[in-house]
Every structure is written in structure tokens, then in C-alpha cells.
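Subject: Structure for your review

Dear colleague,

Please find below the structure that I am handing over to you. My notes on what was found in it follow directly after.

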There are 2 protein chains.
Amino acid sequence: MTQAAPAAPMSEGGLSDVMSALSGQFGDRFAAGEAMREQHGHTLSWIPNEPPSAVVFAESTQEVSEIVKLCASQRVPVIPFGAGSSLEGQLNAPSGGICIDLSRMTKIIEVHADDLDCVVEAGVTRQQLNEHLRDTGLFFPVDPGAESTFGGMAATRASGTNAVRYGTMADNVLNLTAVMANGDIIKTGTRARKTAAGYDLTHLLMGSEGTLGIITELTTRLYGIPESAVVAVCPFETLEGACNTTITAIQLGLGMARIELLDALQVKACNQYSKLDLPELPTLFLEFHGSPAATREQVETLREITEGEGGGPFEWAEREEDRNRLWKARHDVYWASRGLGPGLDAVITDVCVPISRLAECVNETHEDIARSGFVAPLVGHVGDGNFHLLVLVDMKNVKQVNEVEAFVDRLVKRAQHMEGTCTGEHGIGQGKMKHLRAEYGSGIEVMAAIKRSLDPHNILNPGKIFEL
Amino acid sequence: MTQAAPAAPMSEGGLSDVMSALSGQFGDRFAAGEAMREQHGHTLSWIPNEPPSAVVFAESTQEVSEIVKLCASQRVPVIPFGAGSSLEGQLNAPSGGICIDLSRMTKIIEVHADDLDCVVEAGVTRQQLNEHLRDTGLFFPVDPGAESTFGGMAATRASGTNAVRYGTMADNVLNLTAVMANGDIIKTGTRARKTAAGYDLTHLLMGSEGTLGIITELTTRLYGIPESAVVAVCPFETLEGACNTTITAIQLGLGMARIELLDALQVKACNQYSKLDLPELPTLFLEFHGSPAATREQVETLREITEGEGGGPFEWAEREEDRNRLWKARHDVYWASRGLGPGLDAVITDVCVPISRLAECVNETHEDIARSGFVAPLVGHVGDGNFHLLVLVDMKNVKQVNEVEAFVDRLVKRAQHMEGTCTGEHGIGQGKMKHLRAEYGSGIEVMAAIKRSLDPHNILNPGKIFEL
């Protein structure tokens, strides 16, 4: 591969010139106060805060381009910011630099109901879009746990509970507008549903976590709101039963929109926090979309499968208020889990394995948790083989933090050993950099060559994904 | 972006050294005879044949790596070859060089029924895989018209009639093994269903048409064979009626596996060739997958939609032999169309537009065809907004060939003007290079920078997609 372009460090003088220029141009949309800076380095991550030198609130693609050109001229790092909900230190600024906050770019530019797509600015949240779409009968399905922006979701290749049916961000973006390291504005595609024209820059930018370009606008797919939706909840004697049920249901092509696994501890936490009285056993939460007749048929087929796998009693909810109560409990697992250790902090992590290995991976992880003495409830997008752990920890207890880090390392190696990935949907950021080489080998050199060719001075979100 | 690495032309001496070495190593798996060379430059394309200097039949990823290393040492071009079914001159060798024929890499390495995936070598065809899977209840859905290899389908981001439900190659590959320009072997991912780890090299290589790396192995998704399948055929008074029916059906989430549009001339050709007696009107061929109850419900819903759109009479076939007869007619459109002009050649092209613009794009194209005096039946994957034309032409009549080329240029500009793409599934190759800049603007510079960083001496399938 090509040689690295030497990444020239920015000079202090260069940074202060850039900050003066931005302050002059953006007025009160420029901020260098400590609280604002810390808030923009801070994320939901447990990784220590490394704030940027200043924050500027951009309101258009053109402004982002101007800021990047200015920063590029002085080799000042640029870190894009959406909602601040990333989990692996993606927003930290280890070399300082300018954080470009895109959260004010909230225009929903076009909705094409006939084409089932829409064009949004990067700062639009999925909640905002779905509220906007309410009267059209359409919706956008990708739903990571937090309130998050389209720019952030695309940059980290996010997914959520609906991925088993509707796919991840990678499956739902038709094209992107992005600002590259030299300030060039590119559009990576058209509104055609598919294309065989040229390199797939859309997917290359998705998941690049702001290191190859800054996403400022997106064209995303939309879907018709299903005629009916049914939610089912089913406890299982064993994790294997829940996993085998999922495998069979997917093979039969049941139209599940969601299939979520909670372990016994997670169910206990939800019972306490959300005032449910579910049996404290491994449990599947499922949702079916389709016509009333089709969803009833699917629920019945699933009930038959569960009986052969030690599952039941099988309960289902058709009324919207009952469905919402159950999904609210699922979406509140973060707070429910925190409730298991009042006053403690939380380390959140995820891995993803082929579904045939999921029960084995979760069982080994449970044994590891028991040996380590952690409190760590588990929730998973079982249809994708993806699961999350929230490990309660006292961040002031260095020994304990080190033990949790070692546990996460073992978890990742376990998943990779089972032909899985170190992260299904949280991304690499700073937190999982050390695990990437085990997954890609010399593919890392290919990634690094691409990074160097598109960002030769390493100004775009430096210090993330891999070392250059 | 970075500067171009100068593409040093290969020397005649370098080429003959490489050919001697390959001949020594590969014996009768190396061929430099004229017929073999022409057959490997020749494709289904109407673009003039530019044969490679020699052909070598590789039987493993390791062998491909060795061949590429040898060629790289002398800067000899390398052109990967699968089934030879590409349509835009992807396999031509305008600078000579070594064609690596992967068609003997036909191992189906692993089938993971529980994970709904399998690992295949690049030379496996979809027909071979589906034959192999026959007893498992699983199948692979992507079905471009021709017999084609997995390596070729991935390299050109192919799709086919099932894409409306099952997606294109871009949606159905979990990871690739590829040989890069320096001979390095990389694996672009794991068997996890989704990942947020690092740059998406899988999608970058798909559609790169052998210009960034040579795909030698793939892990693809599989699907359960649906419990029942129903085929429906419905003529419409107007193209708009057929398109509006499709839009409504997709918005309602009907589980259509296929929805194909044939124009009146295409129906006439099929009637003649396949001994059908369909009304010679714009016609939809549809297929529904699901449980018997669900498919019947969907067919009924669709019938109601068609009535409001000037469609009917609506016929449907549930028996496998009736279904197969109709789909055989659809798959034989190439021969049916050729039958409209015995002795003539065929120029085949495709574009893809947002579905809301499809009727308009087809109508304008029909007017253009009428003005030009061409015979050019049309068939389209209407659910994706993608359509194909086969223009009958006498390739010895230079004036006529020029007129067809000008017609294709107008077609592409029309599609791009309607927010569409110059090719939905055939790729760029040589045939559509001139149209890429209109679609991507300065995105071309980004593509070129990536190409230069990964293939600094431009040995991988040079002269394709864009000029360096």
C-alpha cells in the first residue's frame, strides 16, 4: 500500500488563528467555554472526557465546508457532533481541535411518499422525522436506544430493535452528502433504489465515524406503517430454547419486526423498574407486522415453535397501549439496569456473533460474569446475534474498572473466536481500537491507506478506529 | 485529494517474463491462444472485443495472490473473469495483461443452515449453489438474467427479479475474501449479521468491478424457501396504471418477491417465442411468498388495487408448473426479443429511477424509440424503478450503431435528470464511463483517490469505471 502522508501536528498559533476566525464568523454560534467543551467531548461512554478546543454550531453543508477548509489550512482537527449519544468515545478530541455541532441542521428537506424515501439534514433525529411523518402512514424504522441524529446514526452504522426485519442504517440510506477533508462537498448517489455505478461511497462513509468525511445530509428509505402489529412475550427455561426458537422462526420467514432477548437478571431489573411481573427467566419480546390475519397466523406458528423449545406461557398484546407498555419496559432497560446498583456507574458494551453461537456465547459470558462478581444484565437483538451488557461499576475504584476492561476484552475475544465481531452497533471509537486488527488482519492496512488518501493530514476525527 | 501515482506502463519484456513464469507454473492451466483470449475478452456486450494477453485458470485464493504478485512485480494488468456474462465491457483488456479465470473455483465451502449463510468460492454459480441447497429448504435469491458467478455478481453489484424483496448482492454478502493489488489477501468481515467495526470494505469491493481487488471467496446470506408461492399476471391500459399499482402495493407492505414490468412489445415478443397468449399491453408479472393464507390475502389485495388502476383481467397461478411456465417466459425475454429481428445484434442497457418517475421515464423513452425507428422491447424490475432495453441493431451498420449509442446517452441523461442512476445493475465497465461524472461530480475524485491508494500502479482491471 502507499506510504503514510506524515500527519503534521497543528501549531498552537494555527489553532488560535482558526478560533479567532470562527469566533468572528459565527459569533454566538461559536463557544470555547469549559462547560460547552466538556459537554461535547462527553458522551454516554465511560471513557474519560477529552474535550475539543472549541465548538461551532453549523447550520448548513456550506458552513461545514467553510469550517473544514479553514481547519484544513492550519491542520486543526475537526470532530463532528450530533446528539452526543455514542458509546465508545467517538466524540473525544485527544488532539484538541474544533467540534462541529450539527444538531441545528434539523431540516426535513423532502418527503417522497411514492418513492418511500426522504431527504433530511444530519441533525434531524429519528423521533423528529417520525413525528413529521405521522400523517403520511410512513415511518423510519432504525431505532438505536438513545435519541440520536441521522448523521450520527449513519456515521456509526447504527441499528436497533427493528433490524431483523428492516435492516440497519447500512440498509436504509440511499445516498449521503458529505464534506471531505479538503472541504469538498460530495453526494454519494442518487434517489434510485439501487445502482451499480461506481464505488459505493455511501457505505464507505457509513461507519467511518467522521474519520473520512462529515455527513451533512442523507436520503433514507421509509416504510408503510403496518396494518397491524402484535407484541408477544415468552419466557424460556433455557437460553438455548430462546435462541432455537428465533432460528426456526427466521428460517420459516415469519415476519418478525423485532425479536429481543432479555436474560433473567434483565427481566428482574425490568420488573422492578417498570412494575411488570414477568417470570424471571430468559425471555423473548417479539413484534409481528402485517395484516391482522397474517400477524395472527404468525403468532400462532411462533407459539407452536416455543412449545417444543421449553417456552411459555406465551402472552400477546394486540392493543396499542399494552404493546407500548411492554416496549417502553424494553426501551427503559438502561434505567432499569442502573436501578440494580444505585450510585454506581455503567460500562456498556456490545458484540455480535452468528446466531448459532449466540447461546454458547451468552452462557460463557454469564459464567465469566459470575466468576468476576459483576452485576451485568444482558439484552440482545437475538435475530441478529447481537447483545449488549451493562456492567455496574464504581468508576472511582481503579481496580474494579481494570477488571471490567479485562472482562470486555475477554468478551470481544470470545465473540471473535465464534466468527463474530467486536461490535454489532456501537462502533469502534477509542474503546475498541485494540480489537480491530484481530478482526481484519491486513484489512487494517487497506483501511489506513483509504484514510491517508482521503485525509492526508489526519484532521478528521483523529485518534479513532485505528492508529495511523 | 492525493496526487496520482504515475501508472507506469508495462514493458513488453515484463509481460513476456510474466507469461513464461505463469506458463511454467500453471502448465495447461495457462493459455495464450487466440480463441481462448478472445473468448475471455468477449462478453455479452456489444462493445468491441479487446482480448487479454493470456488467460490463467486459478484454483485457489493463494494462487490468485501469487499471480497478482507476479504481475505486480512487472506492472502487468490483471483482469478477473467469472462467467463472462457482464454487459458493459468489464472484461476487456484495453492495455493487455493477464486474465485470471476463476470459474474453476467452485467449492461450496460451508453451509450454515442455522445462521442462514454459506461460504462459497468466487467461481460458484447461483444455479450450482441452489442445486446444492435443494434438500436444506434454503435458497439464494439474487438472480441476474444470465448464468453468473458469485465473484462476478459481487464485483458488479448485480441484482435481478427478486431484489424488491430480498435485495441485491449489496444486501446479501456478509464478507468477502479478496486479493489486493500487492497480492495481500484480506477478509472484509466476519459471519456476524451486522457489524459497526471499521470501514465497510465489503461494500467498497462490491461494484468495484475488479479495479480495487479480486474477490475469491464470499459469505452470503440464505433464505428459507417460502411455504407457498403464487404468481400473478395482470395487463394494464397504461404504464401509469402498472406503476401506480406497484407503488401502492409496496406502501402497503405486500410481500411481493418479484414485480416485473413488460411493455406491449415485450409481451408480443414473449407471446411469439414462449407460445403465450397474453394481451399485448403493459403487463405486470408478480410473485408472492408466504404462508398459503398470507399469499392468498396478498393476491386479493393486489387484485383490488389493480381494478382502480385500469388493470385486468387478473390471472394467477399457484401450481409450480404454471408458475414456472410464466417465469420461464420472463427469463427468456432475451431470446424472445432477439426473435423480433432475426440476424440482428442486440445492444442491452439499463437505468434506474425513483419509482415515482418510472412511468414518465418509460413514456419519454418510448417516444424516443418511436422517433428513432428502433425495435427495442422493455422489461423492468418495476419495484426498484430499474428497467432494461434490448435495442436490435445491425452492428455492421456504423450509422445505426452511432444512433443507438446516442439513444443510450439520451436515456442515461433522462434517468439522471429524474434523480436516477446511469445503471441499476449492469455496472459501468467501459460502456458507461462517460456518464459517471454527471452522477457523482467531485465524488469521482474521491473514487480515484481510493483507487490510487489501493492500486498505485493501476494494474487491477485498468481502463474501467473512470479514467485515472
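What percentage of the 468 residues in chain A is made up of buried residues? In this predicted model, the buried share of chain A is 59%.

Overall form of chain A

Chain A contains 17 helices and 18 strands. A compact globule of 468 residues would have a radius of gyration near 23 Å, and chain A agrees with this because its own value is 23 Å. The C-alpha trace of chain A extends over about 70 × 55 × 45 Å along its principal axes.

A helix pair in chain A

Helix α1 (residues 12-26) and helix α3 (residues 61-73) of chain A have axes that come within 9 Å and cross at roughly 155°. Since angles over 145 degrees count as roughly antiparallel, α1(A) is therefore roughly antiparallel to α3(A). The crossing of α1(A) past α3(A) is right-handed. On the α1(A) side, Val18(A), Ala21(A) and Leu22(A) take part, and they meet Ile67(A), Leu70(A) and Cys71(A) in α3(A). By class, this contact has six nonpolar residues, with no polar and no charged ones.

The contact between the chains

Chain A and chain B each give 79 residues to their contact. On the side of chain B that touches chain A, the elements that give two or more residues include β9 (185-187), α9 (239-251) and α11 (292-307) of chain B. The element that gives the most there is α17(B), with eight residues. That side of chain B divides into 33 nonpolar, 30 polar and 16 charged residues.

Backbone points to note

The peptide bond from Gly312(A) to Pro313(A) is cis, with omega near -5°, and Pro313(A) sits in the loop between α11 (292-307) and β15 (315-317) of chain A. In chain B, the bond from Gly312(B) to Pro313(B) is also cis, with omega near -5°; Pro313(B) belongs to the loop between α11 and β15 (315-317) of chain B.

Lys275(A) lies in the loop between α10 (264-274) and β14 (283-290) of chain A, and Lys275(A) is exposed because 9 other C-beta atoms are within 10 Å. Ile465(A), in the segment after α17 (443-454) of chain A, counts as buried because 28 C-beta neighbours lie inside 10 Å.

Key
Residues numbered from 1 in each chain as written. Chains lettered and ligands numbered in written order. Predicted model: local features only at pLDDT ≥ 70, side-chain atom pairs only at ≥ 80, totals over all residues. Helix = DSSP H or I, 4+ residues; strand = E, 2+ residues; numbered from the N terminus. Rg over C-alpha atoms; globule rule 2.2 N^0.38 Å. Buried ≥ 20, exposed ≤ 12 C-beta atoms within 10 Å, placed from the backbone. Axes fitted to C-alpha atoms, helices over the stretch in contact; angles between N-to-C directions. Parallel < 35°, antiparallel > 145°, perpendicular 65-115°, else oblique. Left-handed = near helix turned anticlockwise from the far one by under 90°. Contact = placed C-beta atoms within 7 Å. Nonpolar A, V, L, I, M, F, W, Y, C, P; charged D, E, K, R; others polar.
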